[in-house]
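Here is a walk through some helix packing and a few loop residues. Have the structure open as you read.

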Amino acid sequence: MRTFACEMVSPQSKHTGLLVHLAVWGVVVGMPFVIASGRESSLTFQEYLRFLLVPASFMAVFYTNYCLLIDRCLFSRRVGRFFLSNAVLIALVMVALHLVFHYLLPPIHHRPMMRSWQGTFFFFASNAFWYLLAVGGGVAIRMTERWYRDENARRELERSCAEAELQNLKHQLNPHFLFNTLNNIYSLIRLDPVRAQQTVHDLSRLLRYVLYESSRPRVTLREEAEFLSDYIELMRIRLPRHVRCEVSLPDAASPATVAPLLFISLVENAFKHGVSNDAPSWIVIDLRERGDELVCRIENSYFPKPEDDRSGSGIGLQNLRRRLEVLYPGRYELLAAREGDSYVALLRIKTTDE
């Protein structure tokens, strides 16, 4: 399914990476003692120093790339500078190591050697390969770290966007809806006091759910259905007599949970676009469980808004798709289209991971 990059790394990740680096180099530094334990002669300081200089040179190449060249050259798309810098770096390190071994720390046990130029050539050729491996290892590790960092940043950004959209939905629900509902309650107080009291109760439950309960990442299906029922009952007050409204919502307790305020955009659109003041209109809302799926199907008569009416811009449906991508990636299907004189919206959500 469809569903940015941050240079910050959590302290825990930094500490874990540091421990891994220390562990690897600890093994390298301690390896001569393990090898020497099987020999009759003890390891001399000069031999140990000669051994340490080799991994130290690899370490210099690796960390120069890991901490400097990869970020400044490779990630900045200066590939030519990256390769040139590494060629100069490897050449300097090998020359320095060769001079130290030849003049400062010559081997204690001399073995028959090839002629000088042959030995030098063999030294450089054999070690250049391993230094290139050190460069490649640094690139691979750095690229992997960056991918994980970018992926975590992307997920955090998507999560923040979903939370922001949810907060926006809370504040958006809906000044006009609340204003009209309060006016309807005011009228009912004189005509039908009992129904007015029930309407106030429905409105208070709806607002409590929006402001408090919906802050949870998941709510039970029954809680979400009760919220939709309260919303629909408040909308019924405003409906003309010729509008047919059929609602089927789950009323039994169910272990299924769902993200809050997930279906309200579809229901709100049905009342917004499915009611005419003078033409026959209907709204059919059906929400139910089918195995491990939640299926919400809403069909309504279709009375499109004028082009200058921004309430018909479909922003609610776009926001719903983005929320679904974050909350149920690969586990949902959302279809919304006109079918003749009707408009049908169908949302399927698999409530369990595959």
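This is a predicted model: local features need pLDDT of at least 70, side-chain atom pairs count only at pLDDT 80 or more; totals for chains, interfaces and linings use all residues.

**Helix α7 and its neighbours**

Let's start with α7, which covers residues 221-236 and so has 16 residues by the DSSP numbering. From its first C-alpha to its last, α7 reaches 22 Å, close to the 22 Å expected at 1.5 Å a residue. Quite a list of its residues is buried: Leu-221, Glu-224, Ala-225, Phe-227, Leu-228, Asp-230, Tyr-231, Ile-232, Leu-234 and Met-235.

Two packing partners of α7 are worth a look. One is α8, residues 264-273, which packs against α7 at an angle of about 15°, with the axes 11 Å apart. That angle is why α7 counts as roughly parallel to α8, the cut-off being under 35 degrees. The crossing of α7 past α8 is right-handed. On the α7 side, the contact uses Phe-227, Leu-228, Tyr-231, Ile-232 and Met-235, and on the α8 side it uses Ile-264, Val-267, Glu-268 and Phe-271. Sorted by class, the residues of this contact come out as eight nonpolar, no polar and one charged.

The other partner is α6, residues 193-211. Its axis lies 9 Å from that of α7, and the two helices pack at an angle of about 135°. With that angle, α6 is oblique to α7. Here the crossing is left-handed. α6 brings Thr-199, Asp-202, Leu-203, Arg-205, Leu-206, Tyr-209 and Val-210 to the contact, while α7 brings Glu-223, Glu-224, Phe-227, Asp-230, Tyr-231, Glu-233 and Leu-234. The class count for α6 with α7 is seven nonpolar, one polar and six charged residues.

Which residues of α7 turn up in both contacts? Phe-227 and Tyr-231 do: each is listed against α8 and again against α6. Phe-227 and Tyr-231 are also among the buried residues of α7.

**The α2 and α3 pair**

Now move to α2 (45-74) and α3 (79-104). What angle do α2 and α3 make when they pack? It is about 165°, with the axes 10 Å apart. That makes α2 roughly antiparallel to α3, and α2 passes α3 in a right-handed crossing. α2 supplies Arg-50, Leu-53, Val-54, Ser-57, Val-61, Thr-64, Asn-65, Leu-69, Ile-70, Cys-73 and Leu-74. Facing them in α3 are Val-79, Arg-81, Phe-82, Ser-85, Asn-86, Leu-89, Ile-90, Val-93, Leu-97, Val-100 and Phe-101. By class, this contact has 15 nonpolar, five polar and two charged residues.

| Helix pair | Packing angle | Axis distance |
|---|---|---|
| α7 and α8 | about 15° | 11 Å |
| α6 and α7 | about 135° | 9 Å |
| α2 and α3 | about 165° | 10 Å |

Arg-77 sits in the loop between α2 and α3. Its phi is positive, about 65°, although Arg-77 is not a glycine. Is Arg-77 buried or exposed? Arg-77 is exposed, because its relative accessible area is 77% and the cut-off for exposed is over 50%.

Leu-261 also has a positive phi without being a glycine, at about 55°. You'll find Leu-261 in the loop between β3 (257-258) and α8. With a relative accessible area of 3%, Leu-261 is buried.

Gly-330 belongs to the loop between α9 (315-327) and β6 (332-339). Gly-330 is partly exposed, at a relative accessible area of 44%.

Last up is Ala-128, which is in helix α4, residues 116-172. Ala-128 is partly exposed, with a relative accessible area of 23%. Ala-128 and Met-94 are 34 residues apart in sequence, yet their C-alpha atoms are 7.9 Å apart in space.

Definitions and conventions. Residues are numbered from 1 along each chain as its sequence is written. Side-chain values use heavy atoms; hydrogens and water are left out. Helices (H or I, at least four residues) and strands (E, at least two) are DSSP runs, numbered from the N terminus. The expected span of a helix is 1.5 Å times one less than its number of residues. Buried means under 20% relative accessible area, exposed over 50%, partly exposed in between (1.4 Å probe, protein chains only). Axes are lines fitted to C-alpha atoms, for helices over the stretch in contact, and angles run from 0 to 180 degrees between N-to-C directions. Angles under 35 degrees count as roughly parallel, over 145 as roughly antiparallel, 65 to 115 as roughly perpendicular and the rest as oblique. A crossing is left-handed if the near helix is turned anticlockwise from the far one by less than a right angle, and right-handed if clockwise. Contact means heavy atoms within 4.5 Å. Ala, Val, Leu, Ile, Met, Phe, Trp, Tyr, Cys and Pro count as nonpolar, Asp, Glu, Lys and Arg as charged, and the others, Gly among them, as polar.
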